[in-house]
Amino acid sequence: MDHTEVEDGRTDLPNSPLRDEVFLKQLVTCLPMGAMVVNTDARILFVNDSLIDILGYSYDELLNVDINMLLPAEFRKKHKDFMRQFFEHPRKRQMGVGQALYARKKDGEHIPIEIGLNPIIQNGQTVVLATLIDLTTRQRASHMFQSSIQGAPHGVLLIDAKGIIRLTNSALCQSFGYTSEELINQSMDMLLPQRYREHHGHLRQTFHQSPTPRMMGVGRDLTALHKDGREFPVEIGLSPFEDEENNELVLVSLLDITKRKRLEQELRETNTNLEEFTYVASHDLRSPLRGIADLLEWVKEDLGPDAIPDVTRNLNRIEVRIERMEQLIDNLLTYARAGKIESNTQEIDVNTLLDNIFELLPIPEGISVTRDIHLEHFTSTWTPLETVIRNLISNAIKHHDQDTGNISIRCVAENNLCHFSVSDDGPGIPEAAFSRIFRLFQTVTSNERSGTGIGLSVSRRLVETHGGRISVEANTTQRGVTFHVWWPRFLRKDTHD
């Protein structure tokens with residue numbers, strides 16, 4: 001386009017068809033944002049359709065009116081002076097840089113805007129082409145972005161290319177012990193242990209050369225620096241993006257994993273102790289017992305059939321205690337092995353599983369068993385589940401105190417779990433013992449109903465190890481109790497390989 005620049009940055013259209021008013025209107029009409037032409041009297045000479053859509057006025061309602069009509073009332077008083085100052089020294093500029101500007105729509109709503117001023121000389125007169133962009137959507141998106149960061153359950157930082165903190169959230173401030181004001185506009189190096197700071201600048205530059213979402217320090221023990229000078233373990237994710245001004249920023253997600261590390265350490269210690277116990281139980285305890293049992297047999301052989309009755313009785317009592325001790329060791333080993341996750345999964349047919357249980361579990365003549373199976377198939381580990389259900393059914397049979405009774409087995413889908421319930425009409429369990437019976441070697445009473453106190457503790461350990469839970473409750477419509485088992489019916493990464 002053939003035109004010349006004049007003093008103060010105004011565009012002067014030379015003598016040509018492009019100089020007339022028709023061309024100026026065509027130019028304004030083609031602009032992709034709201035636009036209007038305003039003269040030195042602050043009167044609107046022309047508007048485009050985009051501005052009409054933004055402000056809600058018709059073309060006739062805007063033509064030749066004072067531009068003050070489009071301003072919130074609190075800005076109108078000073079606007080005349082701003083207009084006069086602009087036309088005294090007209091130049092291309094953005095209005096209200098760093099300030100909040102608003103326009104008033106026809107319905108009275110005030111909307112955030114961005115304004116650009118471009119002075120133009122037409123027929124010897126200076127007019128201004130004012131462009132207007134509605135920032136409502138942009139501000140709404142910005143507010144949603146900031147709200148998402150503030151509401152995140154983990155620490156979040158917004159870092160610029162120079163490593164300066166531009167935004168943070170309360171979760172991160174809580175992790176580090178700082179306030180938001182203490183972090184904003186500060187170098188993120190203040191959150192790093194001293195030994196990391198020397199090389200962090202180079203690492204940041206390398207990241208910006210190839211900015212891609214990534215986890216930071218995979219396989220390494222990353223730590224951050226608390227305000228009190230203590231370090232704590234963290235997991236960090238980096239997500240690069242550009243804002244509306246094309247500034248390179250990085251969204252840093254930071255998770256304080258102190259509790260997880262502590263639990264992992266405690267779990268390692270527990271597993272180590274359990275492995276040591278398993279070794280001791282299977283070797284250091286069992287071997288002496290076998291030796292004692294052998295000595296006992298030799299003593300009985302030496303005494304022969306003419307041994308004193310009291311001596312024989314005491315020897316038999318020793319033999320019974322040795323057998324009980326061996327059974328105790330076997331129970332402890334069973335409990336220890338129950339903490340290992342079974343990774344061999346297969347299709348579970350619930351009715352087939354119950355059939356297998358009853359093949360090996362004799363049912364007394366007076367006890368009837370009913371099934372109410374609504375979920376017949378799901379994928380899981382067979383052996384642990386069968387062990388749990390067998391223990392519950394076996395207990396219901398073994399501890400029943402009458403010649404006749406009923407045991408009801410139910411299976412339904414419940415969200416992502418398979419809900420088994422085993423209900424009996426036996427003597428029941430005191431409510432005070434509900435939590436105790438799942439502990440190791442805990443029984444309801446000391447009489448013949450007590451058993452070894454290992455079955456329910458093994459069941460609980462198996463259920464919880466495989467991602468489920470177990471509980472017991474007293475029946476309301478009959479005697480007895482109902483045991484509930486919730487077992488995962490879908491494969492999960494945290495409980496299945």
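Guide: We shall proceed from the overall content to a sheet, its helices and the cysteines. Please bear in mind that this is a predicted model.

Visitor: How many helices and strands are in the protein?

Guide: The protein has 13 helices and 21 strands. Of its 497 residues, 38% count as buried. Among contacts between residues at least 6 apart in sequence, 55% join residues at least 24 apart.

Visitor: What is the strand order in the open sheet of 5 strands?

Guide: The order is β16-β18-β19-β21-β20, and the pairing is mixed. At the edges stand β16 (367-373) and β20 (469-474), each of which pairs on one side only. From one strand to the next, the twist averages 15°.

Visitor: In which sense, parallel or antiparallel, do β16 and β18 pair?

Guide: Their pairing is parallel and extends over 7 bridges, with β18 comprising residues 405-414. As a point to locate in the view, arginine 371 is opposite isoleucine 409 of β18.

Visitor: Which strands do helices α11 and α12 lie across?

Guide: Helix α11 (residues 350-360) lies across β16, β18 and β19 (417-424), and its direction is at about 165° to β16. Helix α12 (residues 382-398) lies across β18, β19, β20 and β21 (481-488), running at about 180° to β21.

Visitor: How is the packing of two helices described?

Guide: For α11 and α12, the angle is about 55° and the axes are 10 Å apart. An angle between 35 and 65 degrees is neither roughly parallel nor roughly perpendicular, and α11 and α12 are therefore oblique to each other. Their crossing is right-handed.

Visitor: Which residues of α11 and α12 meet?

Guide: From α11, the residues are Thr352, Leu353, Leu354, Asn356, Ile357, Phe358 and Leu360; from α12, they are Trp382, Leu385, Glu386, Ile389, Arg390 and Ile393. When reading such lists, recall that an α-helix has 3.6 residues a turn, so residues three or four places apart point the same way.

Visitor: At what angle do α12 and α13 pack?

Guide: They pack at about 150°, and their axes are 9 Å apart. Angles over 145 degrees count as roughly antiparallel, and α12 and α13 are therefore roughly antiparallel to each other. Here α12 passes α13 in a left-handed crossing. On the α12 side the contact involves Pro384, Thr387, Val388, Asn391, Leu392 and Asn395, and on the α13 side Gly455, Leu456, Ser459, Leu462 and Val463.

Visitor: Why is α13 described as largely enclosed by the rest of the structure?

Guide: Helix α13 (residues 455-465) is so described because 8 of its 11 residues are buried. Those buried residues are Leu456, Ser457, Val458, Ser459, Arg461, Leu462, Val463 and Thr465. After α13 comes glycine 467, which has a positive phi, near 90°.

Visitor: How many disulfides does a search of the whole structure find?

Guide: In general, a disulfide is a covalent bond between the sulfur atoms of two cysteines. The search of the whole structure finds 0 disulfides.

Visitor: Is cysteine 30 buried or exposed, and how does cysteine 173 count?

Guide: Burial is judged by relative accessible area: under 20% is buried, and over 50% is exposed. Cysteine 30 has 66% relative accessibility, so it counts as exposed. Cysteine 173 has 10% relative accessibility and therefore counts as buried.

Terms used: Residues are numbered from 1 along each chain as its sequence is written. This is a predicted model: local features need pLDDT of at least 70, side-chain atom pairs count only at pLDDT 80 or more; totals for chains, interfaces and linings use all residues. Side-chain values use heavy atoms; hydrogens and water are left out. A disulfide is a pair of cysteine sulfur atoms within 2.5 Å. Buried means under 20% relative accessible area, exposed over 50%, partly exposed in between (1.4 Å probe, protein chains only). Two strands pair if DSSP finds at least two bridges between them. Helices (H or I, at least four residues) and strands (E, at least two) are DSSP runs, numbered from the N terminus. Axes are lines fitted to C-alpha atoms, for helices over the stretch in contact, and angles run from 0 to 180 degrees between N-to-C directions. Contact means heavy atoms within 4.5 Å. Angles under 35 degrees count as roughly parallel, over 145 as roughly antiparallel, 65 to 115 as roughly perpendicular and the rest as oblique. A crossing is left-handed if the near helix is turned anticlockwise from the far one by less than a right angle, and right-handed if clockwise.
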